[in-house]
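Colleague: I've just opened this one and I'd like to talk it through with you. Could you put it up on the screen?

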Amino acid sequence: MKLQVRVIYLALWMVFLLVFVRVDFRFGFGDFVDVTEPVCGCMSCIMDPQEDPWFMEHYDNRVPKLMNRTNSNFSALTYNWWMSLQRPQSLNLSDVVEPLFSLFRDEEHYSDSSPDRCRTCAVVGNSANLIRSYYGAMIDAHDFVFRMNHGPTEGYKRDVGLKTTHRAIYPESAVDLDNSTHLVLLPFKVLDLQWLISVFTTKNITRTYTTVKPTINANKDKVMIIHPEFIRYVYERWLMKNGKYPSTGFIMLMLALHICDQVNVFGFGASADGRWHHYFDHWHRPSIHAGEHRGGVEYDVILKLEQQQRIKMFKGW
C-alpha cells in the first residue's frame, strides 16, 4: 500500500513538472558532441562555419572562376568593365571563343569539393621577405603551388621551393613552363586571348602595347584562363573598386580561396626593413599605391583574411 502511494505521488510530481514548470527533455547526442558534417577533409577548412559576417558578405563561390565555352557569354556589366581596361581595338570576343576552346581543354575545372577532400594550396608571391625564410620545403609540401609572372625557383630553392603546379601570366610577363605546370592566363584584353592561341599555333603576335614573346614552352593540355567575371568580382567585392584592377598575386590568392580547402600565403608584403621589392632583384617600388593596383588595400584584405582564420600568412620575419 505504501509503495502504491509513493508511485502515485511520484506520478503527480511528474505531471506537475511537465505541465507547470514545462521541463524540456529534448536532449540529443548533438547537444554533447559536434555532429556537424565536415566541410572538407583537412583539420581546418576555409569554409569552416563561424560567425564572420565580413567574409560572407564578400565571398561568392557562384562566380565563374575559369573560362570555358559554356560561360564565355559575358554579362553586359562584365563585358563593358573588361573592355574599359583595354585600348580601343577592332577585336571581338566572339571571334576568339570558338578557336580558343577548340584548341584548349573545354571543361569545368575544380568543381570537386567534398567533405573528404583536403586540397592544400600555397600562394607564393615575389616579395623580398622570402629571402632567408627557409620556407622552400614547406611550400613544396602543398598539393597546389601557385606562382606569379617571372618569380624564379632555380637558385632560390631553400627559400621559395621548386614545385610549381600553376603559374599565372599575361603576355607581357610570359615565361617558359615545364610540362607539369598549368599555364593560368589572366586576360586583361581580347588581344591576350588571341596571343594565347597564337603561342600554340601561328606564333605571329609579337606585340601588344609592348614587345611580347611570340611563343613559350608550355603544355597545351594544362592551359587555364581566369574568367573576366572573376576579375571584376575580386575588384568590386573584395577591393571595393580601389585602383584600376587587381594585381596578379591578389587574383591568384582569391582563386586559391575559392578552389582550395586550406590556403597558406608566402611572399606577400614588405620585407623586414619595410621596403617593397622582389626576392630576385633589387628594384624598389616607391609606393605600394603606384601603378594600376592599390597594394595597400590588397594587403589589408589579406591581413583581414588571416585575422578571420581563413588563410595563414608567412611573412618571413
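Colleague: Let's start with one cysteine: does C42 count as buried or exposed?

Modeller: Quick heads-up: this is a predicted model, where local features need pLDDT of at least 70, side-chain atom pairs count only at pLDDT 80 or more, and totals for chains, interfaces and linings use all residues. Residues are numbered from 1 along each chain as its sequence is written, and side-chain values use heavy atoms, with hydrogens and water left out. Buried means under 20% relative accessible area, exposed over 50%, and partly exposed in between, using a 1.4 Å probe and protein chains only. C42 has 10% relative accessibility, so C42 counts as buried.

Colleague: Which cysteine forms a disulfide with C42?

Modeller: In general, a disulfide is a covalent bond between the sulfur atoms of two cysteines. The search here takes a pair of cysteine sulfur atoms within 2.5 Å. For C42, the sulfur atoms of the pair are 2.0 Å apart, and the partner is C118.

Colleague: How many residues apart are C42 and C118?

Modeller: C42 sits in the loop between α1 (2–21) and α2 (53–58), whereas C118 is in the loop between α4 (94–103) and β1 (120–124). Those labels come from DSSP runs, numbered from the N terminus: helices are H or I with at least four residues, strands are E with at least two. The pair links distant parts of the chain, and the separation is 76 residues.

Colleague: Why is the disulfide of C40 and C45 left-handed?

Modeller: A disulfide joins C40 to C45, with 1.9 Å from S to S. C40 is buried because its relative accessibility is 3%, and C45 is buried too, at 8%. The link is left-handed because the torsion about its S-S bond is about -90°.

Colleague: What about C121 and C260: how many residues apart in sequence are the parts they tie together?

Modeller: C121 and C260 are joined by a disulfide, 2.0 Å from S to S. Both cysteines are buried. C121 lies in strand β1 and C260 in the loop between α9 (248–259) and β6 (262–266), so the parts tied together are apart in sequence by 139 residues.

Colleague: Which pattern do the disulfides of the chain follow?

Modeller: A search of the whole structure finds 3 disulfides. Counting the bonded cysteines along the chain, the pattern is 1-3, 2-4, 5-6.

Colleague: Moving on, which strand gives the largest share of the lining of the largest cavity?

Modeller: A cavity is a set of points on a 1 Å grid over the protein atoms alone where a 1.4 Å probe fits but cannot get out, and lining residues have an atom within 4 Å of a point. The structure holds 1 cavity of 30 Å³ or more. Its lining includes M67, F101 and H109. The largest share, 3 residues, comes from strand β5 (residues 223–225).

Colleague: Last one: which residue's side chain makes a polar contact of 3.1 Å with D159?

Modeller: D159 lies in helix α6 (residues 157–160) and is buried, because its relative accessibility is 9%. A polar contact is a pair of N or O atoms within 3.5 Å; within protein, one must be able to donate a hydrogen and the other to accept it, and residues adjacent in sequence count only if both atoms are side-chain atoms. The side chain that pairs with D159 belongs to R158.

Conventions: On a 1 Å grid over the protein atoms alone, a cavity is a set of points where a 1.4 Å probe fits but cannot get out, and a pocket is an open set with protein on both sides within 12 Å along at least five of seven lines; lining residues have an atom within 4 Å of a point. Grid points are joined across faces, edges and corners, and a volume is the space filled by probe spheres set on the points.
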